[in-house]
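Dear colleague,

I am passing on the structure below, followed by some notes on what turned up in it. Please read them with the coordinates open.

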Amino acid sequence: MPAVPLLYKLTAFAYKDYLSFGYVHVGLRGAEEMTRQYNVNVYAPTILIFKEHINKPADVIQARGMKKQVIDDFITQNKYLLAARLTSQKFFHELCPVKRSHRQRKYCVVLLTPEAAKLSKPFEAFLSFALANTQDTVRFVHVYSDRQQEFASTLLSDIDPFQGKSAVSILERRTTGGRVVYKTLEAPWTGSESDKFTLLGYLDQLRRDPALLSSEAVLPDLTDELAPIFLLRWFYSASDYISDCWDSVFHNNWREMMPLLSLVFSALFILFGTVIVQAFSDSNDERESNPPDKEEVHEKAGKTEPAFTKENSSKLPKKGFVEVTELTDVTYTSNLVRLRPGHMNVVLILSGSTKASLLQKFALEVYTFTGSSCLHFSFLSLDKHREWLEYLLEFAQDAAPIPNQYDKHFMERDYTGYVLALNGHKKYFCLFKPQKAVEEEAAVGSCGDLDSSLHLGETRGKSSCGLGPRPIKGKLSKLSLWMERLLEGSLQRFYIPSWPELD
């Protein structure tokens, strides 16, 4: 179509910090050569993404009904180049994330090259190697060593042999503070076949033995190379605004200016009218300063009672059952990661043996809160996703250090009956822990060999004092009170950097 679609404009604005966007109207003369070169069907909207090579698109999407979610997923998958350049600490965190677990290792192959060697043979060889070895666990990036000198000198133990030359280093981030483990190729990177075979051998060995990255260092923060100058940006914005105002006043006729003038005068009229009405209402309030009679007070109180009853009745659930879905890798994205703002997912942790009894008790406790459309209810299998749960609970630990965290009872911790209220948009959760019974607390006080690292509310799968198993349904006896505090917003919130994958 001749005009740029609004959906495409919004996408371009959302990803303006990562990509440049263009638009082609295929009905214009001269567009036939481009559509023929890239084999584009002119009867359906098509988006092409180009990276380092412009003679062939890196990815293509074509559909008659292009939806926003489809475009966002397509852009997100192709947001970075094959060998992107690290220009700031923000891009370094996005391209080389911190390792979360042994199953989610992310390695970065960094090319340290002078800026003058951008189009040289070493860089082209590194780019071709990245194109031939695309993996989910490996990201290829490059850094200008003369612009990021502290970063480059940290990875190169002896910088003299690499003066004016390129070097390749494999690193893995361990903490957000900058601690990394890495291994740098001993010889400078020339782009020869022997260098490619050496790097490929290291990557193959890294899959089997992560201990290959034997060196350890703390990387300094990258300098933001693209940071704009504030005064210059302010000057450009002011000049554009003055130019637009000048064109609007002196180059447009008054008939075109009438809607704008009408809008301005209407706003002024409403503003002054509001001020005058407010002034008269204040004077009337001062005159009527006599307190109301007691009979009027009782009459008003009687009138407010039906309204209160009506408000309470609106909080009752609209349906006679509780819809509880299982949180799996299929429903994980829709029920948590991309949950709409203002919505929360209340998740019950259970095991295979306690599923029936805990779900029944959970439905009874949360039934009165199902009238709210912002609350969703799910359950998570502890037998399948214990690692995901323990990763989240690390952010809910106390500030005091926990001695002997990985003790002999570590794998026996019973998390059944835990309830998590997850806010997918703001990335935080609230935690409900089952309360101990009075008999269990007395038994714990009489036993001297219990682990001191156990938190309040945590229970063991087995008891060393001969205490029998506690009732399963009793774990959720105070859940309704916790749900009331959740809706009030008075619960403690535990924030996380990002939601982990649910393997």
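Which element gives the most to the lining of the second largest pocket? Strand β1 does, with four residues; helices (H or I, at least four residues) and strands (E, at least two) are here DSSP runs, numbered from the N terminus.

Please bear in mind that this is a predicted model, in which local features need pLDDT of at least 70 and side-chain atom pairs count only at pLDDT 80 or more, while totals for chains, interfaces and linings use all residues. Residues are numbered from 1 along each chain as its sequence is written, and side-chain values use heavy atoms, with hydrogens and water left out.

To stay with the pocket (an open set of points on a 1 Å grid over the protein atoms alone, where a 1.4 Å probe fits, with protein on both sides within 12 Å along at least five of seven lines; lining residues have an atom within 4 Å of a point), its volume is about 1,400 Å³, taken as the space filled by probe spheres set on the points, which are joined across faces, edges and corners. Of the 43 residues that line the second largest pocket, Tyr-8, Phe-21, Gly-22, Ile-47 and Leu-48 are the closest to its centre. At least two lining residues come from each of α1 (6-14), α2 (31-37), β1 (46-49), α3 (68-77), β3 (83-85) and α4 (89-95).

Elsewhere, six strands form an open sheet of mixed pairing, in the order β9-β11-β10-β13-β14-β16, where two strands pair if DSSP finds at least two bridges between them. Strand β14 (residues 428-432) runs antiparallel to β16 and is joined to it by two bridges, with Phe-429 standing opposite Phe-494. Helix α15 (residues 479-488) packs on this sheet and touches β10, β11, β13 and β14, contact meaning heavy atoms within 4.5 Å. The direction of α15 makes about 155° with that of β14, where axes are lines fitted to C-alpha atoms, for helices over the stretch in contact, and angles run from 0 to 180 degrees between N-to-C directions.

Finally, two loop residues deserve a look at their backbone. Asn-39, in the loop between α2 and β1, has a positive phi of about 55° although it is not a glycine, and Lys-427, in the loop between β13 and β14, has one of about 60°. Most residues other than glycine have a negative phi.

Best wishes
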